[in-house]
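User: I would like to go through the aromatic contacts of this protein. Please take the ring pairs and then the charges over rings.

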Amino acid sequence: MKPLALLLHPPTISSAPLRFNSSKSHLRNRPFILSCSALQSGSIKDGTSSKSEYKPGILDDFFLNVFRSKMVQEVGWDSEKPGYGGLIEVASRLTMTGRTNSETIEASVRILTALFPPLLLKLYRILVSPIAGGKVAAIMVARVTALTCQWLMGTCTVNSIELPDGSSCQSGVFVEKCKYLEESKCIGICINTCKLPTQSFFKDQMGIPLLMEPNFNDYSCQFKFGVLPPLPEEDSILKEPCLEICPNATRRREVSGKMSAAQCPKA
């Protein structure tokens, strides 16, 4: 496995740019080279300029079924709908089951943690995360996220982000149009079952700071591995009202008969 290989042969830091070569013998003889340089204008890739439609992969159903099974175990309920639509219904039940948003976030962290062998998370946090001030670990998880999570989020690409020390690194992931948000139509589900628990999971379980910046206008999302999120009271994203098409907000309007009752109770 690639993570184990990296544990045995830690990456080295070089001022040279990151290079890839298709030759297998070349890969065996050359170390992994990491480039983190001063951020220059235009270095952050604008994923909105060339959107592409995601084509399902052969492992998508496997990833979906595993993730859904862990969520069902936590919620204690499953939807009769198959596929992605059923997953969204389970996520909605998870959001509405928790008495508070904090309970929903904690439950979502448990779901994410259950997807990994405990020893793997511990070894990664101890052996990999401290390398090069955490930059190696951030770059690795960015690539794994882009490769394995498109079934959940849609088309996404690794891009360069600015780190707190002023340097730039290829430890960002740009989601062109998040399928999870688009299908759920609920900012409460986005924040409490995705953004906040995912940030907590990577920081607490893997030792990697993560800031997620969803855009509720175009449904894009920027992952920034290696960047600490702001305090909740300072995070403007957490103050956003829910979408007008939010099913929970719609039900509130129907029950109350008031157009002012549009706020999703979980946002």
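Predicted model: local features only at pLDDT ≥ 70, side-chain atom pairs only at ≥ 80, totals over all residues.

Analyst: Residues are numbered from 1 along each chain as its sequence is written, and side-chain values use heavy atoms, with hydrogens and water left out.

User: How many aromatic pairs does a search of the whole structure find?

Analyst: Rings of Phe, Tyr and Trp (its six-membered ring) pair if their centres lie within 6.5 Å; planes under 30 degrees apart count as stacked, over 60 as edge-to-face and the rest as tilted. Searching the whole structure on that basis gives a count of 6.

User: Are Phe-116 and Phe-201 stacked or edge-to-face, by their planes?

Analyst: The centres of the Phe-116 and Phe-201 rings lie 5.6 Å apart. Because their planes are at 25°, the pair is stacked.

User: Is Phe-201 buried or exposed?

Analyst: Buried means under 20% relative accessible area, exposed over 50%, and partly exposed in between (1.4 Å probe, protein chains only). Phe-201 has a relative accessible area of 2%, so Phe-201 is buried.

User: Which ring does the charged end of Arg-93 sit over?

Analyst: A charge sits over a ring if NZ of Lys or CZ of Arg is within 6 Å of the ring centre and within 35 degrees of the ring normal. The charged end of Arg-93 is 3.9 Å from the centre of its ring, which belongs to Trp-77.
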